[in-house]
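Good morning, and thank you for joining this group meeting.

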Amino acid sequence: MDESPGEEHLAFTKWAILKGIEINGVAPARFPGRRLGMIATKTIEEGEIMLTVPQTAMLSIDSIPSAFVDLFPKDTSIHGILAAYLTHGDARLLKDIDAWRNVWPSWQELEDSTPILWPSHLRRSNSVFEEGQDSSLTPSLLPPSVSGLWNSFEKVPVDIDYDTRYQNMLAQEEKRLRNAWEQVLSVFPQTEWKMFAYYWLIINSRSFYYISPGKGEPKDWNDAIAMVPYADYFNHEDNAACEVRFDHIDYTFRATKRYEKGSEVYMSYGAHSNDFLFVEYTVDGFFLDKNESDSIFLDNIIFQDLTATEKQELVHQGCYGNFEVTETGVAASIETAACLKYMSKREFRIYIEGRSKRAFDAEKSAEVIQGWIRVYLEECERTMEIIESLLEKLGGSRRRSDRERWEKGRLEMLLSRWDQIKKICEKAANTVGQGE
């Protein structure tokens with residue numbers, strides 16, 4: 001493995017130290033199959049603090065001159081203001097972070113790996129910004145949690161609003177970017193789209209949780225962000241042996257196990273599904289081979305199988321939507337929804353209120369849930385066939401263009417992700433009903 005990160009990363013490390021960042025036993029390094037990561041440069045003992053980043057070194061809404069922030073309407077997103085500052089801020093002030101910016105991915109790297117920038121035939125979603133897409137001619141290749149679309153059935157309208165943070169993710173990301181773009185245009189009409197989008201996406205994929213001292217959570221959880229230099233070298237592992245703390249003054253990263261010299265040091269970005277990681281942290285276009293937090297959702301499948309009255313009953317019981325499935329089983333809300341398929345309304349309420357379990361039938365519930373999971377399996381098989389057909393058309397010729405090779409890599413990545421989803425469905429279906 002060539003561990004050398006390059007001269008620009010060595011220069012950034014020197015800059016970080018001058019900014020008061022305390023680095024103990026870690027450094028950026030290149031790892032096979034990934035852009036960069038953090039390596040242990042010595043044996044790190046359990047309990048050792050590996051990295052401390054002071055608030056003064058971070059890029060946050062508090063580090064931007066107030067005169068710049070005040071240019072924007074009050075409802076402008078913090079994410080958008082940060083991107084606008086990197087695009088239009090005082091050149092003399094921005095020069096101070098040149099060493100940091102020099103190690104950020106290039107536009108080409110973002111374009112290659114970030115679904116929001118992929119060509120339309122690869123990234124088709126339910127975004128309102130999609131134009132000229134004929135669903136009969138252009139299938140959706142992205143997973144439904146990302147695209148909000150299905151190839152094997154048509155979604156029924158959902159008349160009830162609810163939080164779908166981990167569904168329809170690409171459309172939500174595109175909406176946030178477009179809204180930020182429009183807000184910045186109101187202040188800087190000559191803003192170049194490509195430059196603004198570049199900085200917005202850099203912040204989106206490299207930001208950390210941040211709330212201004214003395215202030216509460218922002219209305220939009222996406223705005224609780226700041227960029228934390230050097231810490232953004234850490235790659236993600238679901239159960240990383242790294243304790244991360246932010247006390248509104250410093251970010252500290254402490255080892256929770258012994259790291260041998262030369263081993264990669266990870267942090268956890270949170271308990272996120274592979275689809276979320278794929279959309280939000282896509283500089284390397286990655287998802288994990290093993291992810292204990294991986295999941296899918298049955299919302300659209302269940303909604304098409306319920307009447308309007310049954311949906312209202314789920315709202316009444318506080319278990320409407322976000323019907324999550326993991327390899328180990330299904331969410332309690334799915335089990336609740338399944339009861340509606342064979343219980344009367346009176347039986348259902350008596351059961352839900354805990355007055356009697358007489359109407360509950362474990363076998364019937366399992367049969368209903370397995371039927372819903374089979375619909376998802378059919379989607380897996382249908383989409384995997386489409387992707388395999390596209391790969392076959394590209395063929396195995398060595399004379400493929402660079403773009404064809406790139407597209408082949410994206411299709412293989414998507415095929416691998418669909419195979420993971422298929423396994424989730426199969427394992428969950430086998431788990432349903434056990435232990436009742």
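**Two loop residues and a helix pair**

I begin with Asn168, which lies in the loop between α8 (144–147) and α9 (169–185); helices here are DSSP runs of H or I with at least four residues, strands are runs of E with at least two, and both are numbered from the N terminus. Please note that this is a predicted model, in which local features need pLDDT of at least 70, side-chain atom pairs count only at pLDDT 80 or more, and totals for chains, interfaces and linings use all residues. Residues are numbered from 1 along each chain as its sequence is written, and side-chain values use heavy atoms, with hydrogens and water left out.

Asn168 has a phi near 50°, a positive value in a residue other than glycine. Is Asn168 buried or exposed? Its relative accessible area is 19%, so Asn168 is buried (under 20%; exposed is over 50% and partly exposed in between, with a 1.4 Å probe and protein chains only).

Positive phi also occurs at His248, a residue other than glycine, with a value near 75°. His248 sits in the loop between β8 (242–246) and β9 (250–255), and is partly exposed at 33% relative accessible area.

I turn now to the helices. α16 (residues 362–394) packs against α17 (residues 402–431) at about 160°, their axes 9 Å apart; axes are lines fitted to C-alpha atoms over the stretch in contact, and angles run from 0 to 180 degrees between N-to-C directions. The pair is therefore roughly antiparallel, a term for angles over 145 degrees, where under 35 is roughly parallel, 65 to 115 roughly perpendicular and the rest oblique.
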